[in-house]
Amino acid sequence: MTTVTAPRFARTGSLLRVRELGIGVAILVVFGITTFTNPAFASANSVQQLLTGAALIALLGVGETMVVVTRNVDLSVGSVVGFSAYLVGDLFAHHPGLPVPLGFLIGIAIGAAIGAINGIVTTVSRVPSLVVTLAMLYIVRGIDGMVVNGHTIDPDKIPTALTAVGYRTLVGIPWLAVIVALVVVVAGYAMRSFRASRDLYAIGSNPEAATLAGIPAGRRVFTAFTLSGALAGLAGVLFLALHAQIDVTGGTGYELTVISAVVVGGVAIFGGSGTVLGAALGALLLNTINQALVAARISAFWDEAIAGALLLATIAFDRWLSLRMARSLRSAEGAHRDV
Amino acid sequence: MTTQPLLVLERATKSFGPVKALLDAEITLFPGEAHALVGENGAGKSTLVKILAGVHQPDSGALLIDGEPTVFTGPGAARDAGVSIIYQEPTLFPDLTVAENIYIGRQPLRAGRRIDRAAMNKAAAELFARLGVRLDPERQARGLSVADQQIVEIAKALSLDKAQSLNARVLVIDEPTAALTTVEVQRLFEVMRTLRTQGAAVLFISHRLEEVFASCQRVTIMRDGQFVRSASIDEVSVDEIIRSMVGRELSALFPKTETEPGEVVLAVDGLGRDKVLRDISFTVRRGEIVALAGLVGAGRSEVARAIFGIDKRTSGSVRINGTELANGKPLDAMAAGVALVPEDRRQQGLVMELGIDRNLALASLARLRRFGLIRRRDERALTRDWAQRLQVKFGRLGNAVATLSGGNQQKVVLGKWLARDPSLLIIDEPTRGIDVGTKSEVHRILDELVGKGMAVLMISSELPEVLGMADRVLVMHEGRISAEFDRADATEDAIMRAATGQASEAAA
Amino acid sequence: MTSDMTTRTPLPPDAATAEKRSPLRALVRWESALVLVLIATLIFGSATSDHFLQVTNVFYIGLNMGEIAIMALPLMLIIITAEIDLSVASMMGLSGAVLGALFSAGWSVWAAMGVALLVGLAGGALNGLLVTRLKLPSIAVTIGTLALFRGIAEIVLAPRTVTGFPLSLTNIGAVPIQGTEIAWSTLIFLVLAVIAGVVLHATPLGRAIVATGWQPEAAQFSGIRVNRLKFWLFVLSGVLCAFAGILFTLKNASVSYDAGTGLELNVVAIVLFGGVSIFGGKGSVIGVVLSVVVVGCLQQVLTQLNVAPEIQNIVIGGLLLISVIIPNGREALRRIRARARRSSNSTQRKALG
């Protein structure tokens, strides 16, 4: 023992990869067991359902991850999905010739605008984001209610080019999943590769140190909220594509599923760590469990309880892990000192 | 020496309100030297460091960098001038890699403004190589030992240099070794040597004189915010340094009257907690002040916390008037007659946002209760009584304690506990951060209490206070009691020796 | 930073001290503002509808608000200790589901109610244990139990809707207390509010709650058992929410698993609008009671104007936002002013020197 500090713990990269691997394994285990008892579970159709069903939550999970790593939370995503879906659907209903890509852009813009409001209020007035986005959840849903005013947009009003995204596949993979996978890959790469995105992790990891290091925390958090909103806006348009109709309840309650997926996917609720890939895998795991229950003819009524229990188990497990790590460190140091 | 000094601080003064932290501080750092700054707790070392860091601006005095008068307007300016500070407790991002911690916000880029991880890790590895340490740049900062965290901070300081040429010129290392093992200390000295040979000046602040002698070429001694002397390390002895650090007449601030101690109130036997406290045994009797002296981090406050039950002890027993206290139960200690005036007034002693009356009553609520309700009249009587007895200067009793001066806040904490009429008062740093006038008032109060038969355990970092007030002095060093002195035998030299581990064999 | 709410941005020290000046006066001001809002609502309500000021409205408003108001009381205490419980409405739903399931299985309604209350106790204890033993942030824990409790309700009862409760009990949803226009749930709320007020403002326990919220360490150093206190508050919240679930079930004379979904937001909004600080330490029962009355009247007015319930959400959300932004905005303003003063001082000094 002269000058060596052997890395006592795995490197960050591999540590995170271990987490993602773990979720991947969990998905496979659930999938395997269910397939064993009910072979139809592995059919192309069923797998497509698995992917499609997880896609929206995974997409929202990407944005939520950006916010949660900064030690904030965005509870307004579900309302944004519903609002964006209805406004874009309404637009298509009234302007049948509207190009589909423009619809996407408008949906994203609506979401980004709401996200920007979340970001401004949170950073300028220093109100906890929990409360701000909780209020926005209400307000956006309320405005949605005013706009919708009891109407439903029917499937025949929505351009087939859009609904095709909801049911067509690309070499057997649903387009919806392809789009979301693309977003996950791009966002995952960006979260690793740019100074600004590393700042997000730094802010959540140690806010005071971030200030000392000259990181513009306010601006970064604002950007994270805006992006989360924009992705929720995109998810709204995809919601429309998937369901081909929309009323005032669209997207209700998504926020809790998204947070569960993100936390299960290894994003620390205290901020500072986690990846968008993990969040997306978390969403896939939740959906796989749900579908497995259906396949195993256990009532779908178990869904929510399992999501909640899984969330609790994950945060408890993470806490246990960090406590154990701290303890092993302490005893290691103590041993040193005794020498 | 004919070389141009890298940094000179001359006749620097700095006051915080009525407290004069620096009276006439002075330091000169030459390239290629490791320079020790020593002094008692409260001698003004931290303030001097903060001035060099650009955190505080001196009220008067001059700062010369390369002979040029300079003003540090903020931490950024100090950094730009090549002055980097390594604090005792590093501020890293636990979730990021070591390399990212060094380069956060300044990561090397490649095409498309993407972070060049390979280049970043390589640069970090090179920094570590030049420092002569082995640390994996790609590992997470979480779980790094304090020593490794300090190394990362040093690497960060070096990397801030624009030319990347490793001549960060002045590196201030503030009490780095308190939390380090012997091996780690040796490695830190290696790093300091490497830096020196590359032309940097290292200012090393430490309580451990043996380390000063092992690693530094020159030493500057401070006392009471003043420069005492600078000397080459070969010209001075440990004795001389200690004498310069403490040499001062006992002031008349301490009115301790002689009392005849009575029966034992507190008996601590073999107290231990994890690796923090080991085998602590002592007694405090009625009518006696026992001081717990030692350096910051020696474990004195931990003793107080373990007795009061804030922390659970892992071995040993604590008895009050013969009855053993339950482990880890402050309520039990309170019921047995223990009061604790804690070290951190703002976090532990007071609820700053609440009124003087609410704070004074907070520990006595059970006694003010009838049919479950607090009797407001009794509460008012009690709080007014204690506010007056301790001469707290306040506008209205309902005013938040945050509006009071430090001294008056301390009186409120005292009153809160004295209202319970304890048989043992543990008081941690009784006069830290309070003005001279109130200081002597607090001392007078303590003297009075002991005169009435209270047992007092006083933790203090101020040697004059210890010598002036205590009937007996226990000195702690690294979690153990290293020496015990009677009032007659206690001298600043002897206490300082025991506290710095110089005399632990002799005393044992 | 262990059991701390991770999503809360701590106030900077200077802002905090500024706020510390006169917590009492700030509170009084917030409550008088609530009174003004109440008067404005009453004037607005009577101007838009002749029926608004009728006494029967007291009954309906009370009926509408009863359960939410009852759940707001323990939540207020929890928020004052600087924690939060987002599982309140799910616990209410779970309690109703348990009551319904057992009743339909042939249990006596009283025994079923007893079990529902026990379930509340257990659920609250689960929250409390996770927060105080494992030191998990209460926001994450109670988001988890929000889903968990609702999920169990679903398992227990869905897809059924249980009806047929004894008329003598379900009458509380249709008939006011004899000789008055007051709903039973209103009376229960008022009694509980008085108890909560006495406890919070006049007992050692109340002082302990407040001290814990402001400065948990100082509370611990004063002999307050912070963890035990928080644990029992979560248990209390579980039991009272279960009780609210029973009231809700009887009031509607029917129950399905999704009863009260989303109500946690209303409850949080009412507590914060009542002047309770999300950062802990500050809040009064009178404020929360006023907040209940204002929100109840406002909803009644909107309903009479045929405003759809979803749209009324805007009002709730707006109130929530206002009640956190106004105090913080004041702080922000003070900070900015203080900074301006400091910089002008230093320039003056420079000019003099």
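Which helix of chain C holds Ser237(C)? Ser237(C) sits in helix 11 (residues 226-252) of chain C. The legends below start from there.

This is a predicted model, in which local features need pLDDT of at least 70, side-chain atom pairs count only at pLDDT 80 or more, and totals for chains, interfaces and linings use all residues. Residues are numbered from 1 along each chain as its sequence is written, while chains are lettered from A and ligands numbered from 1 in the order in which they are written.

**View 1. Ser237(C) in helix 11 of chain C.** Helices (H or I, at least four residues) and strands (E, at least two) are DSSP runs, numbered from the N terminus. Ser237(C) is buried, with 28 other C-beta atoms within 10 Å. A residue is buried if 20 or more other C-beta atoms lie within 10 Å of its own, exposed if 12 or fewer, and partly exposed in between; C-beta atoms are placed from the backbone. Ser237(C) touches Pro74(C), Leu75(C), Ile78(C), Asp85(C), Val88(C) and Gly124(C), leaving out residues up to four places away in sequence. Contact here requires C-beta atoms, placed from the backbone, within 7 Å. Glu154(C) is 83 residues from Ser237(C) in sequence and 21 Å away in space, C-alpha to C-alpha.

**View 2. A cis peptide bond in chain C.** The bond joins Ala158(C) and Pro159(C), with omega about 0 degrees. Pro159(C) lies in the loop between helix 6 (138-157) and strand 1 (162-163) of chain C. Chain C has 14 helices and two strands. Of its 353 residues, 55% count as buried.

**View 3. Helix 6 and helix 10 of chain A, packed together.** Helix 6 (residues 160-167) and helix 10 (residues 217-243) of chain A meet at an angle of about 85 degrees, and their axes are 7 Å apart. That makes helix 6 of chain A roughly perpendicular to helix 10 of chain A. Angles under 35 degrees count as roughly parallel, over 145 as roughly antiparallel, 65 to 115 as roughly perpendicular and the rest as oblique. Axes are lines fitted to C-alpha atoms, for helices over the stretch in contact, and angles run from 0 to 180 degrees between N-to-C directions. Leu162(A), Thr163(A), Val165(A) and Gly166(A) of helix 6 of chain A meet Leu238(A), Leu240(A), Ala241(A) and Leu242(A) of helix 10 of chain A. The contact has six nonpolar, two polar and no charged residues. Ala, Val, Leu, Ile, Met, Phe, Trp, Tyr, Cys and Pro count as nonpolar, Asp, Glu, Lys and Arg as charged, and the others, Gly among them, as polar.

**View 4. Chain A against chain C.** Here 44 residues of chain A are in contact with 43 residues of chain C. Helix 5 of chain A gives the largest share of the chain A side, 15 residues. By class, that side has 30 nonpolar, eight polar and six charged residues.

**View 5. Strand 11 of chain B and its partners.** Six of the six residues of strand 11 (residues 218-223) of chain B are buried, so it is largely enclosed by the rest of the structure. Arg218(B), Thr220(B) and Met222(B) point one way, and Val219(B), Ile221(B) and Arg223(B) the other. Strand 3 (residues 34-38) of chain B pairs with strand 11 of chain B in the parallel sense over four bridges. Strands pair if DSSP finds at least two bridges between them. His35(B) stands opposite Arg218(B). Strand 12 (residues 226-232) of chain B pairs with strand 11 of chain B in the antiparallel sense over six bridges. There, Ser232(B) is the bridge partner of Arg218(B). In this hairpin, with two residues between the strands, Asp224(B) takes a positive phi near 50 degrees.

View 6. Strand 18 and strand 21 (residues 424-428) of chain B pair in the parallel sense over four bridges.

Notes: Two residues are in contact if their C-beta atoms, placed from the backbone, lie within 7 Å.
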